[in-house]
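Hello,

I am passing on the structure we talked about, with some notes below it. Could you have a look when you get a moment?

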Amino acid sequence: MTLANTLKYSVVLLGISILFFGSCKKQPDNNEVIDSQEIDYTAKVYPLLDTENSRWFYFSSASRPFGMVNLSPDTQIGGAWGSGYRYKTDTIKGFSHIHAWQMSGISVMPVTINDQTKEGIFNDFYSKFSHDNEVVIPGYHKVELERYQIEAQLSSTKRVGFHQYIFPENEEEKAVLFNLNTLLGPSKNIDGFLEQNSENELSGKVTMEPTHRRPKPMTVYFKVQLNTKITSVNKDDSTGNYLVVLDENNSDVLMKVGISYTSVANAELNITTELPNWKFDNIRSAAKQEWNSLLGKIDVKGGSDQDQRRFYTDLWHALQGRRIINDVNGAYPDNTGKTFRIGQLPLDEKGNPKFNHYNSDSFWGAQWTLNTLWGLAYPEIMYEFSNSLMQYYKDGGLVPRGPSGGNYTYVMTGATSTPFLVSAIQKGILVDELETVYQALKKNHEASGIMGKAGYEHTTDIGGGLQYYMNDGYVPYPIPEGKFGSHQDGASLTMEYAYQDWTLAQLAKKLGHSEDYDYFLKRSENYKNVYDVEIGWMRPKDVKGEWKVDYDPYQAENGFIESNGAQSTWFVPHDIKGLANLMGGKNAAIKKLNEQFTTAAKLNFTAGTSHSAELHPEYSRIPINFGNQPSIQTAFIFNELGRPDLTQYWSRSVATSVFGGLSPSTGYNGDEDQGLMGSLAVLLKIGLFQMNGGTEANPEYQIGSPIFDEVTIKLNKDFYNGDLFTIKANNNSDANFYISETEFNGTSIKANSLRHEDIVKGGELNLNMVSKPLN
């Protein structure tokens with residue numbers, strides 16, 4: 001199917017949606033359709049973006065924002081990478097309900113059978129499909145299984161998958177195969193069990209085996225309800241899977257699948273609470289409404305039709321991936337201890353959880369993405385995730401950096417949740433138990449805390465080299481004790497720890513811990529210990545303090561994490577001026593960085609078109625890479641050094657080239673990581689950024705070059721006093737991307753930034769756009 005036909009499908013089949021602008025501290029579990037505004041933001045979303053490069057948790061269709069259920073077709077099922085929905089694979093292998101960070105489960109497939117095919121159906125059930133007969137929009141997926149001539153439609157609530165199957169009118173039996181025991185994405189599913197409870201109800205469970213990243217098994221329980229009678233349930237002894245044969249007289253079959261990580265009873269409670277009726281079209285409309293309520297928090301005007309479609313696709317990516325793991329009653333799986341337990345979230349006066357608990361990939365790089373986007377436009381989301389991170393601390397004693405299966409995964413490196421939580425506090429989103437939060441974060445920055453664990457280092461805390469950092473001021477490369485985890489790259493670790501220490505120091509200052517402030521502020525200068533003044537690059541040192549010999553700053557992962565030395569040299573977001581001084585002053589730093597951008601532009605600012613291509617020799621030597629997190633802040637460094645014109649020039653170039661396409665073959669050119677790159681694209685396009693992740697008192701937003709004529713952010717009244725914050729780029733065009741004059745609420749301002757407390761009071765930022773820089 002061509003892009004034009006795909007987009008036409010979205011418009012023709014869906015028409016104009018309704019929009020409900022809610023403002024609450026919890027994500028709404030509301031299936032009522034409420035008439036309001038007529039802009040259908042979901043029609044602007046192109047879900048097939050970059051699906052040729054998709055990974056297990058990357059693609060989303062029949063799901064709600066952050067839903068426990070993420071129901072969609074799987075065309076590849078082996079491994080966390082290259083699995084899930086892959087656009088170029090023309091065969092569907094099942095519809096599974098869990099596409100999450102290191103989690104998968106409950107794959108089902110509607111089939112038709114006869115006496116000849118019934119015996120072999122457990123091993124031969126895949127079906128071809130065509131994109132020409134497919135509709136994909138947020139909250140809905142429709143596809144035709146060509147082998148069976150079954151039209152399958154999928155939608156969901158937060159915790160319940162809703163299926164509608166239109167079976168052909170023929171003599172074959174109608175059935176649903178529950179492929180419970182199978183390799184499914186990142187994890188093998190085992191011990192699948194299914195039993196019939198009544199003439200139209202089933203229940204069961206399946207266990208996800210541990211993975212390299214998620215060290216403990218995880219069981220998902222499920223309840224199934226059908227609008228038709230079950231004729232038989234047949235178990236296959238060789239596979240352990242089940243074939244559920246249905247009443248032959250019903251060709252229009254509806255099926256609900258509620259899931260839970262605590263019990264079958266809670267899976268059923270999730271169904272009765274969220275999906276008590278059988279009105280598929282209502283649920284589909286409610287899903288679209290919920291997506292519209294979030295997408296519509298940022299309204300843009302101007303730009304091309306493709307600009308707007310790509311923008312809302314980026315924003316959609318920023319609002320998914322990370323998954324709820326608690327039931328509607330607040331029960332959740334806690335795997336942080338020696339034995340599994342069922343935890344209970346605190347409830348409000350109505351008996352509802354005060355926040356949701358989450359499965360989440362790392363916050364590595366979130367300081368330049370989610371911190372800013374969620375903190376400004378979606379404080380209710382930042383509030384939920386902040387409380388969820390603290391719930392892990394209360395259960396397991398550490399604030400996680402990427403929890404999965406109710407447990408720590410130690411994904412990536414450092415204490416990446418520190419900037420996230422400090423930003424939430426500095427923006428007034430998280431206001432309770434601040435001393436508890438501080439002590440939790442401080443523990444992470446000390447010996448035996450999470451900072452010192454290398455990637456996926458589950459049983460030790462040697463690989464991160466924290467003791468060397470604390471005693472000697474840097475992490476050596478290599479770690480002399482040996483290999484204990486992933487990403488044991490000393491230069492990068494030193495710089496990450498230094499930045500995260502600076503953010504913790506800001507919270508220490510806010511809470512009056514002056515000695516801690518001085519201590520962590522001093523540690524934040526450790527980045528200087530891996531800067532080689534003679535060559536002008538960050539450079540790894542060994543345990544003896546000697547620089548790495550034969551060092552090449554353009555060699556990928558040469559002491560640096562998912563980057564090279566040229567890219568990571570600029571990872572000092574808390575002290576850009578200090579870094580510039582090491583380089584010989586502002587002018588020298590500006591010249592150096594501008595040369596790197598000029599070279600990077602020739603490779604479209606990315607190390608290839610996908611994460612798997614980043615280490616290829618023809619891509620990996622790029623000096624700036626906007627396909628992965630370590631150097632995505634670099635365009636705004638010019639602002640810090642007094643050259644806003646270069647920030648405007650390069651940020652606009654990146655926004656339109658790296659994040660301008662709209663096709664299955666490309667999109668994020670690297671590691672999208674559950675909304676991080678989608679968030680970055682949104683921020684570049686609206687022209688706002690936070691260099692240090694919004695972690696200082698009254699956080700500062702740097703101004704870039706918005707690609708739209710007008711951007712309106714609807715502020716959440718539960719958190720902020722203002723109603724709307726609007727950015728107007730007057731005379732904006734492809735040629736006019738420089739800013740000549742800046743006014744905020746009618747007053748001319750000289751700074752290239754605004755403060756958080758001013759923005760959230762509401763108002764209008766006016767930018768006069770011209771074709772030539774002023775200086």
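Strand β11 pairs with β17 (residues 242-246) through four bridges, and the two run antiparallel. Before I go on, a word on the source: this is a predicted model, in which local features need pLDDT of at least 70 and side-chain atom pairs count only at pLDDT 80 or more, while totals for chains, interfaces and linings use all residues. Residues are numbered from 1 along each chain as its sequence is written, and side-chain values use heavy atoms, with hydrogens and water left out.

Helices (H or I, at least four residues) and strands (E, at least two) are DSSP runs numbered from the N terminus, and two strands pair if DSSP finds at least two bridges between them.

In α3 (residues 280-295), 13 of the 16 residues are buried, and the helix reaches 23 Å from first C-alpha to last, close to the expected 22 Å (1.5 Å times one less than the number of residues). Helix α4 (residues 305-317) reaches 19 Å, close to the 18 Å expected, with 10 of its 13 residues buried, among them Phe311, Tyr312 and Trp316.

Best wishes

Definitions and conventions. Buried < 20%, exposed > 50% of the residue type's maximum accessible area, 1.4 Å probe, protein only.
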